[in-house]
Amino acid sequence: MKGFVGLCFFLPGILFAEINPWNLRPDVRILTRKEVSHIVLEKREEHYRVTLLVCERFPYNYKAMSHPFFFRMEDEKKAMELANQMDKFLDTGKSFTITLNGSEIQTLVWGEPD
């Protein structure tokens, strides 16, 4: 009986546990609407960029500077579609995971990593 009560007490905590961002690799970030302040479209000479202005992770976000992370896109239409899709996705309260190479975003996963 004690085992069943203990299982009922600890199981919801395990099932609904969140991913700790400090346990991720340095080049992986989980972004929500709280971290992304702006989504900007930029035109460069050879490509377009969808840039995310991202603030620091919590406890270091007090008076911190934003960091730009960008996607390199071939044409303006695809860049605009991606920016709108990310904006709508973040407005739903969900998060996505990005993998970085410097400031450039290499991969995008809709949702948190497994």
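## Order of elements

From the N terminus, the elements of the chain follow the order α-β-β-β-β-α-β-β, which amounts to two helices and six strands. Helices (H or I, at least four residues) and strands (E, at least two) are DSSP runs numbered from the N terminus. The model is a predicted one, in which local features need pLDDT of at least 70 and side-chain atom pairs count only at pLDDT 80 or more, while totals for chains, interfaces and linings use all residues. Residues are numbered from 1 along each chain as its sequence is written, and side-chain values use heavy atoms, with hydrogens and water left out.

## Burial and the nonpolar core

Of the 114 residues of the chain, 27% count as buried (under 20% relative accessible area, with exposed over 50% and partly exposed in between; 1.4 Å probe, protein chains only). The largest nonpolar core comprises 18 residues, and Val50, Leu52, Phe71 and Phe96 have the most contacts inside it. Such a core is a set of buried Ala, Val, Leu, Ile, Met, Phe, Trp, Tyr and Cys residues joined through side-chain atoms within 4.5 Å. Two or more residues each come from strand 3 (48-54), strand 4 (67-73), helix 2 and strand 5 (96-101). Helix 2 gives the most to this core, with six residues.

## Val28

Val28 belongs to strand 1 (residues 28-31). Val28 counts as buried because its relative accessible area is 10%. The C-alpha atoms of Val28 and Leu100 are separated by 6.3 Å, although these residues are 72 residues apart along the chain.

## Helix 2

Helix 2 spans residues 76-91 and includes Glu76.
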